[in-house]
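Before using this model in further work, please go through the points below with the coordinates open.

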Amino acid sequence: MTIKITKLKALINDIPLPIRLFLGKALLFFVVWKIIYGVFLYDSKVLDHPLTIHVGEATVKLLNIATPMSGFTSKREIKTSTYFGKVSQEEASLIYHKGKEVIYIVDRCNGLELIVLYIGFIVCMPSKFWRKVLYVIIGVIILDITNILRCSGLIFLHENYHGYFEFAHHYLAKASIYTATFIIWMVYSRNINFKNEAIQIR
């Protein structure tokens, strides 16, 4: 056991100090967010409620305007679902097509968690203040649009190519938004200076 701890310490010490500081700040940011969200924000829905409604309404507008289909509406309702035999109720943005329920967007699918994770990465990386502000604003907008496109694509598949829906829902749709986040991080990280140590990401 002592040998393993020693090896772990040696491995950690091999990581450059600026990188360790960044990882430490990122971890602290994540822990603080989880505490604030769990204690103050989860039950109040002060962030989740408006964001989920926005994603639902924007998805409906995009489908009605940009696709051959029309007649989509969005409504915030209590959704009852059964998962592994356990019945639960939660508020969700239900998407209807000509009065028929298509899918529903719950709070955990509104992109909030990923947006906070993205912001935390930007805040913890060493860079000029206004560059951080710029990338936070642009990144949040891009991620929001990507999530709306993701939801719209899933509904389009559900209505026209239902056989592909489950695969897209569990894999492709999630991969798209994670890829968008990673690309923005990559662009932001170019020429970042960790206390005079230039980090080039090519």
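This is a predicted model: local features need pLDDT of at least 70, side-chain atom pairs count only at pLDDT 80 or more; totals for chains, interfaces and linings use all residues.

1. Residues are numbered from 1 along each chain as its sequence is written, and side-chain values use heavy atoms, with hydrogens and water left out.

2. The chain has six helices and five strands, taken as DSSP runs (H or I of at least four residues for helices, E of at least two for strands) numbered from the N terminus. Their order along the sequence is α-α-α-β-β-β-α-α-α-β-β. Of the 202 residues, 34% are buried, that is, under 20% relative accessible area with a 1.4 Å probe and protein chains only.

3. D48 lies in helix α3, which spans residues 48–66. D48 is buried and has no salt bridge, a term that requires a side-chain nitrogen of Lys or Arg within 4 Å of a carboxyl oxygen of Asp or Glu. The nearest side chain of opposite charge, K45, is 4.7 Å away; here Lys and Arg count as positive and Asp and Glu as negative, while His and the chain ends are not counted.

4. What does the side chain of D48 make a polar contact with? Its partner is the side chain of N110, at 3.0 Å, where a polar contact is a pair of N or O atoms within 3.5 Å, one able to donate a hydrogen and the other to accept it, and residues adjacent in sequence count only if both atoms are side-chain atoms.

5. N110 sits in the loop between β3 (100–106) and α4 and is buried, with a relative accessible area of 2%. Its side chain reaches the backbone oxygen of D107 at 2.9 Å, and a polar atom of that side chain lies 2.9 Å from the backbone nitrogen of L112. Setting aside neighbours within four places in sequence, N110 is in contact (heavy atoms within 4.5 Å) with D48, L51, T52, V55 and N147.

6. Residues lining the second largest pocket include K45, D48, D107, N110 and L112. A pocket here is an open set of points on a 1 Å grid over the protein atoms alone, where a 1.4 Å probe fits, with protein on both sides within 12 Å along at least five of seven lines, and lining residues have an atom within 4 Å of a point. At least two lining residues come from each of α2 (17–41), β2 (86–97) and α4 (112–124).

How values were computed. Buried means under 20% relative accessible area, exposed over 50%, partly exposed in between (1.4 Å probe, protein chains only).
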